[in-house]
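Reader: Please take a close look at one part of this structure and describe it in plain terms. I would like the local detail as well as how the chains meet.

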Amino acid sequence: MSCFKSKYTDELIANAAYIGSPGKGILAADESTGTIGKRFASINVENVESNRRALRELLFTTPGALQYISGVILFEETLYQKTASGKPFVDVMKEAGVLPGIKVDKGTVELAGTNGETTTTGLDGLGDRCKKYYEAGARFAKWRAVLKIGANEPSELAIHENAYGLARYAVICQENGLVPIVEPEILVDGSHDIEKCAYVTELVLAACYKALNDHHVILEGTLLKPNMVTPGSDCKSRAEPKVIAEHTVRALQRTVPAAVPAVVFLSGGQSEEQATVNLNAINQLKGKKPWSLTFSYGRALQQSTLKAWGGKEENVEKAQKAFLARAKANSEATTGTYKGDAQLGEGASESLHVKDYKY
Amino acid sequence: MSAFTSKYADELIANAAYIGTPGKGILAADESTGTIGKRLASINVENVESNRRALRELLFTAPGVLPCLSGVILFEETLYQKSSDGKLFVDILKEGGVLPGIKVDKGTIELAGTNGETTTQGLDGLGERCKKYYEAGARFAKWRAVLKIGENEPSEHSIHENAYGLARYAVICQENGLVPIVEPEILVDGSHDIHKCAAVTERVLAACYKALSDHHVLLEGTLLKPNMVTPGSDSAKVAPEVIAEHTVRALQRTVPPAVPAIVFLSGGQSEEEATKNLNAMNQLKTKKPWSLSFSFGRALQQSTLKTWAGKEENVKAAKEALYVRCKANSEATLGTYKGDAKLGDGAAESLHVKDYKY
């Protein structure tokens, strides 16, 4: 075969398939220290290690929530943190059948000569870092590449650089036992229509899979984390969930080989409820879908939880209920059975779009 | 979407899907005049237009055959020929629920600086020719790209040239209402093992689908005609189940689900081998979001040709031989072939010719 031989092959394939289990998805809790600081600022909480620890403990110990989660993406600091009673977070997860994941990229930098397009850094010493993370209990990784739609964007250079960066990251992960999530996010910013987004998404995904093939990546041991296909944030016309579902699934049918076990969507700037309703529509669509279609949500799983918590111990139970409600709703969405009846927490319908969002 | 907008889009999608109908497949009867001459020579038949016409009439009017077929690929001459009672072949096919197809490439030529690798010609004026063929009743086309496995082959250069040639051909077809069959044949010649064939097949198919994406081809309106993944002709044979596993895995890794059907070439396999391998693929329990069917030339016609031998008195028996193979392959598309087809003379005979040139 064209993929390389990894001593971890069977494990990679099993873990990737597990993450796509029906009824489960990923909680993206890998906000960097800087990014989580912005979240905390919005609820007037100080950005110190104990607060970051407390938030993640709140999420990971929510009664009944982990059954809906197959994996959690962590930031490096969190991989080594413990609950207040001294239990490592990775153990809490493992005992609940949740795979710990780790963000391994080092953020984006601009590509000279382009109109603000970027590439993602983090390849130097990546193999050694992956080894270390595997020893600490991580079983999958995430690397976010970013593209944007504009008059002349994404350029061929940006597509190529980001696709080949993702492919190199992916094979290094597999050499070290981590399932790579391949994330080529096309930002929702812009006034383009859904057709344009579909066009760009198909171009970008085709480039990604060519790059993955060139780099001998084992597709059965990877996950894809794409944007859904939607109109731009400034587009005059909105699109119904069914239309988003049709365009999204068609784009995937045209580009994502059946060997990929699961597609775990990013939420982009969608509100909690939108992200759930769209995922539900995707799973209700009749058509060829040889991969699981599930979630890898950050903001769209935590927004109302954060607001309910406000950093206060006495709000933990309320905040946990909010998190459980979103986790359950998204679990139902993976089987197309969400009835739209999740008790909407404060802010669940609020758009989470921030123009030109930087992690 | 990234596909261009063709006025024929709905028709292309419907025709491509039809060709992949379970229980049906393609008869590749598009041998050029030179190639059919070799076949006719092997049964001592003169290579003249009337004999070529008679052979194709035999094939298209054989009882029970057309229901097993969704398409027939024709050479240009045949597109305009008629049966002995004056009926156009394309009409006979259409009335039998079979889409006429047309070979549109102009053969291969060597790529300078390579070790005998080739590219395929035929892009000049292709649009005009496709229009003409569509008017004559054709609804799909075929273009054969050829790659080989060797020490340093296929080279990146050859993969790129062939993939991009196929993509350009494909979009020109779609602009003119013809469903393009994308055929990147990796020759079976060589002493490599099945893993090498799998690696090369995956690399070639990945390049093809990148090229098709770059050229804005509407994948739902295409077909793929690949080689099965097998050991090289000079290597030990393996069981059909092994071929099936490696072949389907290669396809899972490279062929987008939007492609409605995959119609395998037989490439030198005997009639019986080709059927058994196709059958094994359709029995495999695994993700297969495209139909898996046949587009066989030699592997459908070998025993028919031998039985006919150019003689009128053999026509009936020759037609029966063709029906036997068509039915067997029809069952193979459903995974229900029991291996019990009455083997015609030569059905188990390898059809491999080293370094085969069409």
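**Two glutamines and the chain contact**

The side chains of Gln269(B) and Asn277(B) are joined by a polar contact of 2.8 Å. A polar contact is a pair of N or O atoms within 3.5 Å; within protein, one must be able to donate a hydrogen and the other to accept it, and residues adjacent in sequence count only if both atoms are side-chain atoms. This is a predicted model, in which local features need pLDDT of at least 70 and side-chain atom pairs count only at pLDDT 80 or more, while totals for chains, interfaces and linings use all residues. Residues are numbered from 1 along each chain as its sequence is written, chains are lettered from A and ligands numbered from 1 in the order in which they are written, and side-chain values use heavy atoms, with hydrogens and water left out.

Gln269(B) sits in the loop between β9 (261-264) and α10 of chain B; helices (H or I, at least four residues) and strands (E, at least two) are DSSP runs, numbered from the N terminus. Gln269(B) is buried, with a relative accessible area of 12%. Buried means under 20% relative accessible area, exposed over 50%, and partly exposed in between (1.4 Å probe, protein chains only). Leaving aside neighbours within four places in sequence, Gln269(B) is in contact (heavy atoms within 4.5 Å) with Met228(B), Thr230(B), Ala274(B), Asn277(B), Ala299(B) and Leu351(B).

Gln283(B) belongs to helix α10 (residues 271-283) of chain B. Gln283(B) is partly exposed, its relative accessible area being 42%. Beyond its neighbours within four places in sequence, Gln283(B) is in contact with Lys288(B) and Gly335(B). A polar atom of the Gln283(B) side chain lies 3.0 Å from the backbone oxygen of Gly335(B).

Now the interface. The contact takes 28 residues from chain B and 27 residues from chain A. Together the two chains bury about 2400 Å², 57% of it on carbon and sulfur atoms; buried area is the accessible area (1.4 Å probe) that two parts lose on being put together, summed over both. Two salt bridges are found across the interface, a salt bridge being a side-chain nitrogen of Lys or Arg within 4 Å of a carboxyl oxygen of Asp or Glu. Glu220(B) forms a salt bridge with Arg254(A), with the closest N and O atoms 2.8 Å apart. On the side of chain B that touches chain A, α8 (194-214) and α9 (240-252) of chain B each supply at least two residues. The largest share of that side, nine residues, comes from α8(B).
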